[in-house]
Number of protein chains: 2
Amino acid sequence: MEKDFGGFKGVLIIGLGLIGGSIALSLKSEGYGGKIYGFDLSEDRVKTALEMGVIDAGFTDLKEVPWEEIDLVILATPVKTFQEVARQVKPFLKENTVITDVGSVKGELVEKLESFFLPNRFVGAHPIAGTEKEGVENAVDGLFKGKKLILTVDREDDATKRLEKFWTDLGSMVEVMDPYMHDFVFASVSHLPHAVAFALVDALIELSKETGIDLFLYPGAGFKDFTRIAASSPVVWKDIFLENKESVLHTIDSFINSMEKLKKYIQEEDGEKLVELLSEIRDKRLSL
Amino acid sequence: MEKDFGGFKGVLIIGLGLIGGSIALSLKSEGYGGKIYGFDLSEDRVKTALEMGVIDAGFTDLKEVPWEEIDLVILATPVKTFQEVARQVKPFLKENTVITDVGSVKGELVEKLESFFLPNRFVGAHPIAGTEKEGVENAVDGLFKGKKLILTVDREDDATKRLEKFWTDLGSMVEVMDPYMHDFVFASVSHLPHAVAFALVDALIELSKETGIDLFLYPGAGFKDFTRIAASSPVVWKDIFLENKESVLHTIDSFINSMEKLKKYIQEEDGEKLVELLSEIRDKRLSL
C-alpha cells in the first residue's frame, strides 16, 4: 500500500525530546507529504529542531500554533505531564483532530484521556523503541523501523486505522493491546528488570559498607552487562515506577517469590530441584 | 624479569576442560620451557589435547604419569571433585611438588586441602577468566592475559612466590586474598547476579502462566543482556550455589532487603526517596 501516513496533513508534536524528535526526523526522511509542527516549552529545543530541519515550524506558545492545519497531535512529553498538557491543548482542537501519545504507561491514564478529549478521539500508543540518550539533538532516523508499537484500542474506527497506517508507514510493527494488559506486560519485561538491576547495585553498595571491601573493584562475568540499565535516569524511572505502581508491585512480588524459591533450594541443599529449576530457566532463555 | 613460570619444570594439568586447556595452550604460546602433561578421565579429551599439540603427553590413568618429573599439579576439574582427586593424587607426589587449583570456590575447601596435602604445599588459586564454552577444544590462547587471578595465601613462602610468578608470566594480575573473603566477594559480584538473573526469568515464566500471556514475546530494553547469564550451565551453577552456600545465602538476603526497600518506596509513593536511591545507584554504576 502507498505510504500516506494515515492521511494526516498536519502533525503537531508536543515535546521535542528523543522520541518526538525521532518521529519528526523519520517522517521527513520517509517522505511525509504533510506539515510537521513542533511545540516545546524550551526555546533551545525548538531552535535546535528548526536548525536540524526536522520540523517546518516550531512554537513555545500554544496560542501561536496554526490549529486549523493540525489533524494529528502527538503527546511526546513525560507521561506525568499528559493530563496538564491535555487540559491546555483541548480548547484549541478543531473537529476530527486525532490525539495520540508515545508514553510507556497506559492503563487508567488512557481511559481518562479518552473521556477527557471527547468528542475528539484519543488513542494511546507506545513505541517500543528508544536509546539511553535524551533530547531532539539525539533524534534517530528510523528509530521505529522493525520495532513494535502498541496501540491501545478500545474500539476500532477510522482514527485507530489511520494511526495504525501512520506507524506502519514509519516502519513499526503495530500490535493492539488492552491498556491495562499493556501496563502489566511492560511492568514484567521492562520495569521489573530495571527494579532488579537497581536493587542489585544497591545490594552491592550495602554489602561493601557491611564488610569494608569495595566490591565494585571485582566486576564478575556478566555483572557490567547486567547492571548497565541501573545507570538509567533516576527521575524517569521514579516516574515510571509510580505511574505503573500496581503492576510494578505485582511483578516485584512475583520476583521475590522466585528468589525465595531459589534460596530455599540452596538452603535445603536440594541439588535435584536446583538443576530442574535452572534447566527450565535456561531452556526458556535460550528460546528467545 | 625473565619469564621462567616460577621455575616449574614439569606441570601436570588434571582436567582438560576449557581452563585446563587454556593454561596448556597459553604456556605453549608463551614459550614455556618445561614439559606439560595432561590427565583426564576422558580418552577423547586427552586425544584432542594431544592433537592440538597443547600437551606433551596425556594420560587417563594416574599410575602412568611420570611423577618424578612433575613439580606442579594443577587441579582443573569441577570443584566438587577436588577432595576425591586429592585423595587419588597424594600417594604419587614427590617431595616439594606444589599443588594448586583453578576453582571458583575457596574458603573451607582450601583449608582442608592445605592440611590434607601436607607435607606438600597446596595453594589455592582462582583465575577470573572464562568463556561460556566448555572443553579443551574451546581453549583460548591468552585467556588469562590482563585478568585477575586470586591467590589464597595463608603464609608467604617459596611455593606462593613461584605460583605468583607462574601466573604473572601467563599475563595475569595476581591478587592475594583470604579464602573466606574470596568466597564472599565472588558470591556478591558473580554468584548473586547469576541467582538474580535465574530468578528474573523464573518470575517471567510464573507471570506468563498466571496471566496466560507469553511475556517472552515482549523482550524489553536490556532484558536480553540482562538475562544472558541465565543461560549458564544448570549443573555448574547448582554446584557453585551449594559449594558457596553460606556466602550466597548471605548476599541473597542482602539483595532481597534492597528489593524490599525499593518496593516500600514505590508502595508509599515516596518520589523523593526513590530519586535519592536511584541516583546513588546510578552514580555507583557509572563509576565502574
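**Backbone, sheet, helices and interface**

User: Where is Phe5(B) placed?
Analyst: In this predicted model, Phe5(B) is a residue other than glycine with a positive phi, near 50 degrees. Most residues other than glycine have a negative phi. Strands (E, at least two residues) and helices (H or I, at least four) are DSSP runs, numbered from the N terminus, and Phe5(B) belongs to the segment before strand E1 (10–14) of chain B.

User: What is the mean pLDDT of chain A?
Analyst: Residues are numbered from 1 along each chain as written, with chains lettered from A and ligands numbered from 1 in the order written. As the model is a prediction, local features need pLDDT of at least 70 and side-chain atom pairs pLDDT 80 or more, whereas totals for chains, interfaces and linings use all residues. On pLDDT, the predictor's confidence in each residue from 0 to 100, 99% of chain A's residues reach 70 or more, and the mean is 94.

User: Which strands form the edges of the sheet in chain A?
Analyst: The sheet of chain A is open, has mixed pairing and runs E3-E2-E1-E4-E5-E6-E7-E8, where pairing requires at least two DSSP bridges between two strands. Inside this order, E1 (residues 10–14) and E4 (residues 72–75) of chain A are parallel and joined by 4 bridges, one of which pairs Ile13(A) with Ile74(A). Two strands of chain A pair on one side only, and these edges are E3 (57–59) and E8 (173–176).

User: What angle does helix H2 of chain A make with E3(A)?
Analyst: H2 (residues 43–52) of chain A packs on the sheet and touches E2 (35–39) and E3 of chain A, contact being C-beta atoms, placed from the backbone, within 7 Å. With axes fitted to C-alpha atoms (for helices over the stretch in contact) and angles taken between N-to-C directions from 0 to 180 degrees, H2(A) and E3(A) make an angle of about 175 degrees.

User: How are H3(A) and H4(A) oriented to each other?
Analyst: In their contact, Phe82(A), Gln83(A) and Ala86(A) of H3(A) meet residues of H4(A) including Leu109(A), Leu113(A) and Phe116(A). The axes of H3 (residues 82–89) and H4 (residues 107–117) of chain A are 11 Å apart, at an angle of about 10 degrees. Angles under 35 degrees count as roughly parallel, over 145 as roughly antiparallel, 65 to 115 as roughly perpendicular and the rest as oblique. H3(A) and H4(A) are therefore roughly parallel.

User: Which helix gives the largest share of the side of chain A that touches chain B?
Analyst: The contact takes 72 residues from chain A and 72 from chain B, in a complex given an ipTM of 0.82 and a pTM of 0.83 by the predictor. Elements giving two or more residues to chain A's side include H7 (223–227), H9 (245–267) and H10 (271–286) of chain A. The largest share, 21 residues, comes from H6(A).

Technical notes: Two residues are in contact if their C-beta atoms, placed from the backbone, lie within 7 Å.
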